[in-house]
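Let's take a walk through a protein model together. Keep the sequence and the 3D view open while you read.

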Amino acid sequence: MSRQLIAGPSLLAEATMQGDNCTSGAIWGSVPYRTFQRKKTIFTNVLPVAVAHAWFALSCFKRVLPRSQQSDNMKSLLFQYNNTIFFSVRFTYEVSPVFILMEEVLLRKMQSIVGWSSGEGDGIFCPGGTISNLYSILVARYHFYPEVKTRGMGVLPQLGIFTSEHSHYSVKKSAAVLGLGTENVVVVKCDERGKMIPAELESSIVTAQEKGLVPFYVNATAGTTVYGAFDPLDAIADICHRHSLWMHVDAAWGGGLLMSDRHRMKLQGIERAWSVTWNPHKMMGVPLQCSAILGLLRQCNELGAEYLFQADKHYDVSYDTGDKSIQCGRHVDAFKLWLMWKAKGSQGFGAQVDKCLENAEYLYDQLQRRTGFELVYKNKPEHSNVCFWYTPPSLRGLPLGPDRDTRLHQVAPQIKGRMMEKGSVLIGYQPLGAKVNFFRCVFSNPATQQEDIDFLLDEIIRLGHDL
Ligand SMILES: *Cc1c(COP(=O)(O)O)cnc(C)c1O
C-alpha cells in the first residue's frame with residue numbers, strides 16, 4: 001500500500017481504507033503485524049513506557065493493564081515511536097508524499113463517517129482538541145469576515161460566541177487567543193444531565209444581540225468532558241440555521257462513538273455541523289497527539305510562503321496541504337491513526353467503543369446496587385463517563401445540607417490520596433458548580449474488565465469507610 005502511495009497523487013483513489021474491515025494483521029508495507037509481535041526485545045523495552053502511556057492518557061480508571069491490552073497498546077506505541085523518531089516534518093507533498101496522502105485519505109474517511117459527502121469541507125490534523133477548537137473559531141470568523149485576515153480585529157463588530165456551561169474550557173481559551181475576549185463567550189445553560197438547552201441558546205442569542213454583540217458561532221459538545229453528555233445537535237442546528245450562525249461540534253471526546261453502530265445515533269445531527277473536532281487520541285486509543293479539525297477553509301490560514309509553496313511546481317500543488325495549518329513543520333499525527341485503523345479496522349474501533357460503554361453501564365449498575373454510593377446524575381450514562389459520590393458510614397445519618405456537603409467534599413480527595421500512596425488504582429475527582437467533589441470514572445481502555453470495576457469499588461470502600 002505505501003509503495004503505491006509514493007507513486008503519486010493519481011493513486012490517491014487506490015489509497016482508500018481498503019483494510020477497513022480487517023480485524024487482525026496490520027499492514028505495514030508488506031510486513032504483517034505478527035512479525036513485530038515476535039520481536040520480543042522491542043516489547044520488553046517499551047513495555048514500561050506503554051504502561052505509563054496508559055496511565056497518563058486520560059484521567060481514567062486503569063488499575064493494571066491486563067495482558068491482552070498490552071499488545072494492543074503496543075501497536076500504538078510502536079507507531080508512536082516510529083512517528084516521533086523518524087517522521088516529524090511535513091508541509092509539502094515533495095517532502096512527505098505518503099503522509100500527506102494518508103492525512104487526506106483519513107480526513108475524507110472521517111468526514112464521510114460524520115456524514116458529509118465527498119468534497120464537502122476540508123480538514124487538518126492538529127496538536128490536540130484545544131487547537132482544533134481554536135481552528136473552528138478561526139475559520140468561522142474568516143468565513144463571515146474574511147477581511148480579518150489582512151485588516152485585523154479593529155474592522156470587525158463585537159463578535160459573540162455561544163457554548164454550554166459544560167463545554168470544554170478551550171472555547172474560552174481560544175476566544176482569548178483570537179482576540180475575541182472571554183467576556184464575549186456567552187455560556188448557555190444545561191439541563192440536569194449536562195446537555196445544552198436549545199431554548200436557552202435561542203434566548204441567549206437574542207439577549208446578546210440586544211446588548212450589541214454580533215453572534216457568529218455556536219459550539220455544541222458531543223460528549224462533554226465531565227458528564228459525557230451529548231448536546232441535542234439537531235435542535236442546535238435548527239437554531240444556527242435560523243440565525244445564520246456557524247455550527248461547530250466539539251466531538252473531541254464523543255467522536256469515537258461514530259465508530260460504533262450501537263452508539264453513533266447519539267451524535268445525530270453532527271452531519272449538519274460546519275466544522276467538527278474529533279480526537280482519535282481519546283476514545284479510539286491513539287497515542288497523543290491525534291486530533292482532527294474537519295470543515296476547515298484552505299484560504300483561512302494560507303499565506304503561500306514562496307520558499308515552500310511555489311505555485312509553479314511540476315505537480316498538483318493542491319497536495320501542498322501544509323499551508324492550511326497555522327504551523328510550519330508538523331508532526332505526522334495521522335500516521336498512527338492510519339496504522340491502527342489498518343490493524344483494527346472500523347469494526348475493531350467500534351468494538352472497542354462498545355466495550356468501554358458496557359463497562360460504564362456495569363459501573364452504573366453496581367453503584368445503584370451497593371450501599372454508600374450515589375450517582376451525580378440518575379440517568380444511564382450516554383458515554384463512558386460515570387460520576388458518583390462515596391459516602392462513608394459516618395456521614396450516612398447526617399441530614400442533607402451545608403454541613404454534610406462540607407464533609408462529603410473532603411471524602412474524594414482523601415480517598416484519592418490514599419489510592420495514590422498505595423498505588424492500587426487511579427481515578428479522578430472534581431467539584432462541579434454547586435456539587436461537591438465527586439469521583440469521575442472514564443473508560444477508554446477496552447481491556448478493563450468487570451472484575452477491575454468491582455476492585456475499584458471495593459478499594460474505595462476499603463480506603464474510605466473510616467473517614
Ligand atoms: C479533551 C477535550 C478537549 C481538548 O482536547 P485536547 O486534545 O486535550 O486539547 C476539547 N473538548 C472536549 C469536549 C474534550 O473532552
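Here is a short tour, from the overall picture down to single residues.

## Before we start

This is a predicted model, so keep the ground rules in mind: local features need pLDDT of at least 70, side-chain atom pairs count only at pLDDT 80 or more, and totals for chains, interfaces and linings use all residues. Residues are numbered from 1 along each chain as its sequence is written.

## The big picture

The protein has 15 helices and 13 strands. These are DSSP runs numbered from the N terminus: helices are H or I with at least four residues, and strands are E with at least two.

How much of the protein is buried? Buried residues make up 45% of its 467 residues. A residue is called buried if 20 or more other C-beta atoms lie within 10 Å of its own, exposed if 12 or fewer do, and partly exposed in between, with C-beta atoms placed from the backbone. Now for contacts, meaning two residues whose C-beta atoms, placed from the backbone, lie within 7 Å. Among contacts between residues at least 6 apart in sequence, 73% join residues at least 24 apart.

Two strands pair if DSSP finds at least two bridges between them.

Zoom in on strand S4 (residues 159-164) and strand S6 (residues 214-221), which pair in the parallel sense over 5 bridges. Here Phe162 stands opposite Val218 in S6.

Strand S9 is where you'll find Ala292. Ala292 is buried because 29 other C-beta atoms lie within 10 Å. Not counting residues up to four places away in sequence, Ala292 touches Leu107, Met110, Gly123, Phe125, Cys126, Ser132 and Trp278. Take Gly123: it is 169 residues from Ala292 along the chain, but their C-alpha atoms are separated by 7.0 Å.

## The four-stranded sheet

Another open sheet has 4 strands in the order S10-S11-S13-S12, with antiparallel pairing. S10 and strand S12 (428-432) are at the edges with a single partner strand each, so one side of each has no neighbour in the sheet. The twist here averages 45 degrees from one strand to the next. S10 and S11 pair in the antiparallel sense over 3 bridges, and the bridge partner of Glu374 in S11 is Trp389. Helix H12 (residues 333-369) packs on the sheet, touching S10, S11 and strand S13 (435-442), with its direction at about 25 degrees to that of S11.

Which way do the residues of S11 point? Asn385, Cys387 and Trp389 point one way, while Val386, Phe388 and Tyr390 point the other way. S11 is mostly covered, with 6 of its 6 residues buried. S11 also runs antiparallel to S13, joined by 4 bridges, and Cys387 has Arg440 as its bridge partner in S13.

## Two lysines

Is Lys282 buried or exposed? Lys282 counts as buried because it has 25 C-beta neighbours inside 10 Å. Lys282 sits in the loop between strand S8 (275-278) and strand S9 (291-296). An unreviewed UniProt entry annotates Lys282 as "modified residue: N6-(pyridoxal phosphate)lysine". UniProt positions are given in the numbering used here, feature names are shortened, and annotations may be inferred rather than shown by experiment.

Lys380 is in the loop between strand S10 (373-375) and strand S11 (385-390). Lys380 counts as exposed because it has 11 C-beta neighbours inside 10 Å. Leaving aside neighbours within four places in sequence, Lys380 is in contact with Glu361 and Tyr364. The C-alpha atoms of Lys380 and Tyr364 are separated by 7.0 Å, and the two residues are 16 apart along the chain.

Note on methods: Axes are lines fitted to C-alpha atoms, for helices over the stretch in contact, and angles run from 0 to 180 degrees between N-to-C directions.
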